[in-house]
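Hi,

Here is the structure I said I would pass on. Have a look at it first, and then read on for what turned up.

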Amino acid sequence: MEKPEETFRAGGVHASVFLNTVNVKGKKVDIPSISFQKRYQVNGEWKTTTSLNVNDLPRAVLVLMKAYEYCLGMSHEEIPEEEVHE
């Protein structure tokens, strides 16, 4: 798996920023995307999920906002979705 540009954590909730290179009108452009997950333990074994309980929501909002702020600070073009060809 590709290494993220940055990962934000709050407790077991994580948001990671990845750069996807796409072709837009013949030009390669890096577009940030966000991966979100929650890690937790059951009987000493680590598990991963994208489902949240109500107590996870503030942490999810925090890490997603941090990821959003990070992406805003990156130099990338705003590209309409219909022009992106992966």
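Which side chain makes a polar contact with the side chain of Asp-56? It is the side chain of Lys-38, at 2.7 Å. (A polar contact is a pair of N or O atoms within 3.5 Å; within protein, one must be able to donate a hydrogen and the other to accept it, and residues adjacent in sequence count only if both atoms are side-chain atoms.)

Before the rest, a word on what you have. This is a predicted model, where local features need pLDDT of at least 70 and side-chain atom pairs count only at pLDDT 80 or more, while totals for chains, interfaces and linings use all residues. Residues are numbered from 1 along each chain as its sequence is written, and side-chain values use heavy atoms, with hydrogens and water left out.

Back to Asp-56. You'll find it in the loop between strand E4 (45-49) and helix H1 (57-73). (Helices, H or I with at least four residues, and strands, E with at least two, are DSSP runs numbered from the N terminus.) Asp-56 is buried, with a relative accessible area of 7%. (Buried means under 20% relative accessible area, exposed over 50%, and partly exposed in between, with a 1.4 Å probe and protein chains only.) Not counting residues up to four places away in sequence, Asp-56 touches Val-13 and Lys-38, where contact means heavy atoms within 4.5 Å.

Now the overall layout. The protein has 1 helix and 4 strands, and from the N terminus on the order is β-β-β-β-α. Of the 86 residues, 27% are buried. Among contacts with a separation of 6 or more, 45% are between residues 24 or more positions apart.

The strands pair up as follows (two strands pair if DSSP finds at least two bridges between them):

- E2 (residues 13-24) and E3 (residues 27-42) run antiparallel and are joined by 12 bridges. Val-17 stands opposite Ile-34 in E3. The two strands form a hairpin with 2 residues between them, and Lys-25 in the turn has a positive phi of about 50°.
- E3 and E4 also run antiparallel, with 5 bridges. Tyr-40 has Lys-47 in E4 as its bridge partner. This hairpin, too, has 2 residues between its strands, and Asn-43 in the turn has a positive phi of about 50°.

What about the inside? The largest nonpolar core has 11 residues, including Phe-8, Val-13, Val-17, Phe-36, Ala-67 and Met-74. (Such a core is a set of buried Ala, Val, Leu, Ile, Met, Phe, Trp, Tyr and Cys residues joined through side-chain atoms within 4.5 Å.) Strand E1 (6-10), E2 and H1 each give two or more residues to this core, and H1 gives the most, with 4 residues. Leaving aside neighbours within four places in sequence, Ala-67 is in contact with Phe-8, Ala-15, Val-17 and Ile-34.

The structure holds 1 aromatic pair, and Phe-8 and Tyr-70 form it edge-to-face, 5.9 Å centre to centre with 65° between the planes. Phe-8 lies in strand E1 and Tyr-70 in helix H1, so the pair ties together parts that are 62 residues apart in sequence. (Rings of Phe, Tyr and Trp, the last by its six-membered ring, pair if their centres lie within 6.5 Å; planes under 30 degrees apart count as stacked, over 60 as edge-to-face and the rest as tilted.) Phe-8 is buried at 16% relative accessible area, whereas Tyr-70 is partly exposed at 26%.

Cheers
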